Amino acid sequence: MASAPTPDGGVVTFLDGGDPAGFPVLGLHGTPGCRLSRWPDDDVYARAGVRYVTLDRPGYGQSSRQRGRSVASATTAVLAVAEHLGLDRFAVTGTSGGGPHALACAALLPDRVVRVESRSGPAPVGPGGLQRRDWVADLPDGEAMLQWVAESEIRVVRERQAQQDELVDTLGQDLGSLDPRVAERFREIVREQALQGVSGAVDDTFALTRPWGFNLSTVDVPVLLTHRTADAAAPPSHTRWLAARLRGAVTSYDEDAGDRSPEDDVAAAMGWLRG
């Protein structure tokens, strides 16, 4: 674990792994999550020829909070880590709530970012995005999130804290259905993601339900849109909406995964991002 300074005097914490000489890929976790949100066997990244660097997005783990941030603000943390590590060109991948933040990097950092993956990420809602009724359709907590935001930040904090408490309650339960490595990593993530409370998830809730701060039509780098039902925080309709608005986007749904294991799935995505 290491930290990089940000222009506003804060820090962004990251975990650097995989092949040190490999092509750099920066990973943005979901909502919630932290820098530990990565496959527990780091060799999968090394074998793919990738140097995989995962961030605590602002307000999560040990990264400073960036109150009032938009989705477009993701570029601040990503650039801070890239500059700290001396990375001139790199790819970005984002899962769930991290997907839109990865797309922001594609739109706003075209001179640095060469490829982007958005995995089971939501589409925007409102002007320039899906209409409300379409955005909430089949989206877990979609309607609830919009109501929380409309009510107050206090309501959002209360709801996100309740969700975190539910996750903590699962830590003492039998997770035997999971690979033991994945189960242990899950426990680590749940503890680490809320070291500063739930401010990261609160800020994500506002950022994802308001204008993202960039136009998808400006994305001019290859984008891989993957959708996996097992880890989906957004329905396939969101992925299809994004695919229709991103020039040359490559889409991959569950039916394309075949009999690949989760580890093989990670390796395939890393291979595409390496290009």
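At 1% relative accessibility, Ser-120 counts as buried, because the cut-off for burial is a relative accessible area under 20%. The model discussed here is predicted. Ser-120 belongs to the loop that runs between β6 (113-119) and α4 (132-136). The phi angle of Ser-120 is near 50 degrees, a positive value in a residue other than glycine.

## Other backbone features in loops

Most residues other than glycine have a negative phi, and most peptide bonds are trans. Asp-138 is a further exception, with a positive phi of about 65 degrees although it is not a glycine. Asp-138 is placed in the loop between α4 and α5 (142-151). Is Asp-138 buried or exposed? With a relative accessible area of 68%, Asp-138 is exposed, since the threshold for that class is over 50%.

A cis peptide bond is found between Thr-31 and Pro-32, with omega at about -5 degrees. Pro-32 is part of the loop between β3 (23-28) and α1 (43-47).

## The open sheet

Eight strands make up an open sheet of mixed pairing, in the order β1-β2-β4-β3-β5-β6-β8-β9.

Strands of a sheet pair through backbone hydrogen bonds, either parallel or antiparallel. Both kinds of pairing can be followed here. Strand β1 (residues 2-5) is antiparallel to strand β2 (residues 11-18), with four bridges between them, and Ser-3 stands opposite Thr-13 in β2. These two strands, β1 and β2, form a hairpin with five residues between them, and Gly-9 in the turn adopts a positive phi of about 90 degrees. β2 is also joined to strand β4 (residues 50-55) by five bridges, again in the antiparallel sense; in this pairing Gly-18 stands opposite Arg-51 in β4. By contrast, β6 and strand β8 (residues 223-226) run parallel and are joined by four bridges. Ser-118 stands opposite Leu-225 in β8.

## Helices across the sheet

Helix α2 (residues 74-85) lies across β1, β2, β3, β4 and β5 (90-95), and runs at about 60 degrees to β2. Helix α10 lies across β3, β4, β5, β6, β8 and β9, running at about 150 degrees to β6.

How far apart are the end C-alpha atoms of α10 (residues 262-274)? At 1.5 Å a residue, its 13 residues should span 18 Å, and the end C-alpha atoms are 18 Å apart, which agrees. The expected figure is 1.5 Å times one less than the number of residues, and therefore counts the steps between residues. The buried residues of α10 are Glu-263, Asp-265, Val-266, Ala-269, Met-270, Trp-272 and Leu-273. Just after α10, Gly-275 has a positive phi of about 70 degrees.

## Nonpolar cores

The largest nonpolar core holds 53 residues, of which Leu-103 and Phe-214 touch the most other members. Helix α3 (residues 98-108) supplies the largest share of this core, six residues. Not counting residues up to four places away in sequence, Phe-214 touches Val-71, Ala-72, Pro-100, Leu-103, Ala-104, Ala-107 and Leu-108. Another core, of 13 residues, lies apart from it; among its members are Val-25, Tyr-52, Leu-224 and Met-270. Met-270 is also one of the buried residues of α10.

## Helix α6 and its contacts

Two packed helices are described by the angle between their axes and the distance between the axes. The axes of α6 and helix α7 (residues 180-193) come within 10 Å and cross at roughly 145 degrees, and the crossing is left-handed. At this contact, Gln-164, Leu-167, Val-168 and Thr-170 of α6 meet Phe-186, Val-190 and Gln-193 of α7.

Val-157 also lies in helix α6 (residues 153-170). Which residues does Val-157 contact, leaving aside its neighbours within four places in sequence? They are Val-198 and Val-202. The C-alpha atoms of Val-157 and Val-202 are separated by 6.0 Å, although the two residues are 45 residues apart along the chain. Val-157 has a relative accessible area of 34% and is partly exposed, because this class covers values between the 20% limit for buried residues and the 50% limit for exposed ones.

How values were computed: Residues numbered from 1 in each chain as written. Predicted model: local features only at pLDDT ≥ 70, side-chain atom pairs only at ≥ 80, totals over all residues. Heavy atoms only, no water. Buried < 20%, exposed > 50% of the residue type's maximum accessible area, 1.4 Å probe, protein only. Pairing = 2+ DSSP bridges. Contact = heavy atoms within 4.5 Å. Core = buried A, V, L, I, M, F, W, Y, C linked by side-chain atoms within 4.5 Å. Axes fitted to C-alpha atoms, helices over the stretch in contact; angles between N-to-C directions. Left-handed = near helix turned anticlockwise from the far one by under 90°.
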